[in-house]
Amino acid sequence: MSRFFHGGLSDSESSSSDEEDLYSEEEQESEEESSEAESEEEVEDDDSDSDDDAGGSRFLRGAADDDSDEEDGKRTVKSAKDKRQEEIEGMIKLVENAQKINDWVVISAEFDKLNRAVQKVGQGIAMPKIYIKIIAELEDFMNETVKDKATAKKMNAANARALNAIKQRIKRNNRLYEKEIESFRKDPEAFMVEEEEVDDKPTPRKQKSAARNLAPEEDDDDEGFATVGRGGKTLQYTPESIFKHLKVIIGSRGKKNTDRAEQIRVMEKLLEVAQTPYQKIKVLLALISTRFDLTTGSLSFMSTEQWKAAEKEFNILVDTLEANENFVVVESAEEWDDEEKPPQPEPGEIFKVPGSVVSIVDRLDDELTRSLQHIDPHTTEYIDRLSDEGALYSSILRSQLYLERLQRKQDIPTDESLNRVIMRRLDHVYFKPEQVIISGEENAWKAMPSTLDSVISPRNKSSAPASELLHSLCTYLYQHDATVLRTRAMLCHIYHYALHNQFYKARDLLLMSHLQENIHVADVSTQILYNRTLVQVGLCAFRAGLIYEAQTAMQEICGTGRLKELLAQGVQIQRYMQVSPEQERLERQRQLPFHQHINLELLECAYLTCSMLLEIPALAATGSSPDIKKRVISKTFRRMLEYHERQIFTGPPENTRDHVMQAAKALAAGEWKKSSDLIHAIKIWDLLPEPEKIKTMLSEKIQEEGLRTYLFTYAPFYDTLSITRLTEMFDLTERKVSALVSKMIAHEEIAAALDQVNNAIIFRKGVELSRLQTLALTLADKASGLTEMNERYLEQKTQGQGGFQEGGTQRGGGRGGRGGRGGRGGRGGRGGRGGMREGGEGEQGQGDQRPPRNVQIHQQSGFRGGAMKT
C-alpha cells in the first residue's frame, strides 16, 4: 500500500510488513492446518507482533497509536489453534450454565456444535482434555437427571424431548473416547495436569512431524505418493478404521460440495481391506448407494461405467450374503452402534443388517430405463446399452432366489419385497416374443450357482413355453398381492396372451378382471400399461380376422388423436394447449424405451382398415334406408373420408392413410378388386407375422363387405336377384353368398326372402319409404330437436324465478300459446297467450288457434304477463 500512500516507511519495510500481515490473516482464516504448522506459526507470530504497529500505520496512522495506547502498545494475534480452543471453551461454558438451570434444549444444541468444532481439529491429533472432561461430566449429569423422576416430570415438553434426543447421542459419542473418559474419572486432576505438561514440550511434536513426513516414503503403493487427509496426515485404510471412514462418508451424504467420486474411491479401497463379512456388507451397501447419488436430477442418467460397477458390486453383495447365511439384509433392522466391536453372531443366530436388496434392484432397473430413454434408438450405442438388460435380469432373478431362501429357510417375512421383484421380472418379459423369453431364461439360470433353485419358477422349467413362466409369476402375484402390482400383473398376462395370438384367453381375462371399470383411478404408469394391453388385444383380434372386435378394442385409443401420448411413445403437444415445464418433464419421464414401442403406423393401418370394413356397408345401409338412425362407428374414419371426398384432384396414394381412403372409396363404388389391390399395396403388413395369410384374410373380408354394400345400395332397384350373378360378381362361393344373405335377412338389414328353389333373392316392395316420406321424416326430426332445444334453453333461463298468478296459476297459464287450453293452471304453465290475462278463460284459450310466430318469444312474453300480475 506504500506505493499509493507514501509514509515514513521504506519500500522494503512496507513489503516485508505486507507479507507478515498476509501470513497473520491466513493464520486466522485457516481451519485445516496441521498441528506441526501451528507450532511453527506461533514462533512467527512473536516476530510479527513486534512490527504490528508499523503495519497498522500504513492504513490509519492515528488509529494505530490510539489502539496501542489502549492495549498497552500490543495487539494480540491468535493462531488457529488458540481460536479453536477459545471456541470450545465458550461452548463448554454455555453447557455448564445450562446444566445449572437444567436446560436440555441449550445443552443439546451446544453439544452438537461442540462435536462439530472438535471434528475440525482433524484426525490423528489428540482430543482436548477439556472436551473429555465436559462429555464425561455431561454423561454423569444426564444419568442423574434421568434417575430423578420428580425433576423429569416437572420438565416442559420441549425440554423432555431434548433430553430424550440427547441420551443416545451422548452414549454413542462417549463410546469413541472410553479410554480417555476412564482415565479422567480415575484422577481428574492428574488428567488435566498431564495435558499442560504435554503442551509445554514441543520436541515430541517435531519428532512426530518427522515421522509423519517419512510416512509417504514408506507407502510405496503409488510410487512414493500417498493420500493425505486433513492435517497433512497420511490416510491409512485398515480393517479397524473401516467403520470410522464409513461414518464420515455417510454423515456427509446429501450435503453440498461433497466430492462423491472421491468417496467412491475411498470405499473401493475400504472394500479391498475389508476382512469380515459384516465389513464387506456395510461397505458394499454404502458404496452402491453412493454410486446412485452421482446422478442428480431427472434429466440426467447414470453412466454406463458406474452402472456396471454397481451391478457387479450388487452381485458381490448377494454372493457374500449367500455364503454367510447368519447375516441378513432387511429394511426393518436396527443400526449397530458399537463400531469398535463388530457383531459376531453365534452359529445358528441371525444378525440383521439394515438395508434393502430390492431397492438396489429397483434403482438399477430405473437407471437402465432412464439411460435408454436418453440414448438415440437408431444408433449402435442403444444396442450396446440394451445388451446390459441380460445382466440386469440375472440380478433380478438372483434377488428373487435370495428372498425366497429367507422366507423358506429362515422364516423372515419378505412378501412385499418378493412381490416387487417378481413384478420387475414380469416387466422385462411380458412384451417379448416366446423365443426371446426362453433364451433369456436359459442364460439367466446359467449365471446362477447350481445349488440355487426357485419354488415359484423352478430351474428345470427354464426351457418350457413362455406362457407357463408368465402364468406361474402372475398366479403368485394374484394370490399374494392385493395392491396395484396385482393389476399390473393381470395386464401383463393379458398382453402376453394377445401377443401370442390367444385372443379368447386375453379377452376373457380382460372382461373377468373388470379393469375397465376402475382403471381411471389408477396411477399413470398403470393406465399406460392398460392402453398398451388394449391395443395389443385389438391387433390380436385383427390377425385372427375378427374385424368388429378389433375395431372395438382399438377405437378407445386410436380414435382420440392422442395415440403417442396414451401409449407413452412420444410427447404430443395439442394445439391451444398450455403445458408447464413441470408437466412436460413428467411426460418425458413416463416415455417407454424404444424397444418396447408398438408400431404406431401398423396400429393406425389396422384401425383404419377395420373401420373401412364396418363403415362403408353402414353408410350404404343408411343411404338406402333413411329411417335407420344414422350410427357413426368411427368418427375419425368418417372425418378422413369426408376430407378425402372434398379433394378436387386425387393423386396416387402416397402413405398408409391414402391407400385406405382410396380403397374405401372403391369399395363404396362396388370395385372390390381395386379396393383389395390398394390394401395389399400397403407395405406395413410385412411387419406382421405371416403377412400373406393376413392379406388373404383381408381379401375375403373385402369381398364379403363389398357384397353387403352392393345389396344395401341397389336393393330398392331389384325385384329378384340371382345368387349365381352375385357369385360371379364377387368371386365367392354360392354357399358363402347364401350365408351372407340369410344373415342380412335375419338381422332385418334388407327386406327380402331367399328362394332356394330358384336360387335367387326376392325383394319385398312397399317397405321402403319414398323420397317425399324420407324428407318429411327428416323435417319432423329436426323440428322435434329444435323444440326440445328451445324448452331446455327456457328452463335454464327461468330456473328459480317466480311466475305465480292469482289462484295458484304458475308461469302465466298453460299451453295457450300453442293453441291449447290456456287459462287457470293450464298444464304445467310454460307461458302462452292464455297467460297474458288474469288466469284466462278456457274458452278463450281454445278459440285462439293462431300459430305462434316464435315459440321462444311467446313463452317469454307469457311468463312476463304472469309474473307482473303477482
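Phe 542 lies in helix α26, which spans residues 524–543; helices (H or I, at least four residues) and strands (E, at least two) are DSSP runs, numbered from the N terminus. The model is predicted, and local features need pLDDT of at least 70, side-chain atom pairs count only at pLDDT 80 or more, and totals for chains, interfaces and linings use all residues. Residues are numbered from 1 along each chain as its sequence is written, and side-chain values use heavy atoms, with hydrogens and water left out.

With a relative accessible area of 1%, Phe 542 is buried; the term means under 20% relative accessible area, while exposed means over 50% and partly exposed lies in between (1.4 Å probe, protein chains only). When its neighbours within four places in sequence are left aside, Phe 542 is in contact with Ile 547, Ala 550, Ala 606, Thr 609, Cys 610, Trp 685, Leu 688, Ile 694, Met 697 and Leu 698, where contact means heavy atoms within 4.5 Å. Met 554 stands 12 residues from Phe 542 along the chain, and the C-alpha atoms of these two residues are separated by 10.0 Å.

The protein chain as a whole contains 39 helices and 5 strands. Of its 870 residues, 42% count as buried. Among the contacts in the protein chain with a separation of 6 or more, 64% are accounted for by residues 24 or more positions apart. The chain exposes about 49,200 Å², of which carbon and sulfur atoms supply 50%; accessible areas come from the Shrake-Rupley method with a 1.4 Å probe, and for residues only the protein chains shown count as cover.

Two packed helices are described by the angle between their axes and the distance between the axes. Axes are lines fitted to C-alpha atoms, for helices over the stretch in contact, and angles run from 0 to 180 degrees between N-to-C directions.

Helix α6 (residues 104–119) packs against helix α9 (residues 157–174) at an angle of about 30°, with the axes 8 Å apart. The two helices are therefore roughly parallel to each other; angles under 35 degrees count as roughly parallel, over 145 as roughly antiparallel, 65 to 115 as roughly perpendicular and the rest as oblique. The crossing of α6 and α9 is left-handed, a term used if the near helix is turned anticlockwise from the far one by less than a right angle, with right-handed used if clockwise. On the α6 side, Trp 104, Val 105, Ile 107, Ser 108, Phe 111, Asp 112 and Asn 115 meet Ala 158, Asn 159, Ala 162, Leu 163, Ile 166, Arg 169, Ile 170 and Asn 173 of α9. By class, this contact comprises 9 nonpolar, 4 polar and 2 charged residues; Ala, Val, Leu, Ile, Met, Phe, Trp, Tyr, Cys and Pro count as nonpolar, Asp, Glu, Lys and Arg as charged, and the others, Gly among them, as polar.

Helices α14 (residues 260–273) and α15 (residues 277–293) pack at an angle of about 160°, and their axes are 10 Å apart. This angle makes α14 roughly antiparallel to α15. The crossing of this pair is left-handed. Residues of α14 in the contact include Ile 264, Met 267 and Leu 271, and those of α15 include Val 283, Leu 284 and Leu 287. The contact of α14 with α15 has 8 nonpolar, 2 polar and 5 charged residues. Ala 261 is also placed in helix α14 and, at 33% relative accessibility, counts as partly exposed. Ala 261 and Leu 294 are 33 residues apart in sequence, and their C-alpha atoms are 7.9 Å apart in space.

Helix α17 (residues 357–374) and helix α20 (residues 415–427) pack at an angle of about 25°, with their axes 10 Å apart. That angle makes α17 roughly parallel to α20, and their crossing is left-handed. Val 358, Ser 359, Asp 362, Asp 365 and Asp 366 in α17 meet Ser 417, Arg 420, Val 421 and Arg 424 in α20. Within this contact, 2 residues are nonpolar, 2 polar and 5 charged.

Positive phi values in residues other than glycine were also examined. Glu 690, which is not a glycine, has a positive phi of about 55°. Glu 690 is placed in the loop between α33 (672–680) and α34 (691–714) and is exposed, with a relative accessible area of 53%. Asn 759 likewise has a positive phi, near 55°. Asn 759 is found in the loop between β4 (752–755) and β5 (760–763), and with a relative accessible area of 21% Asn 759 is partly exposed.
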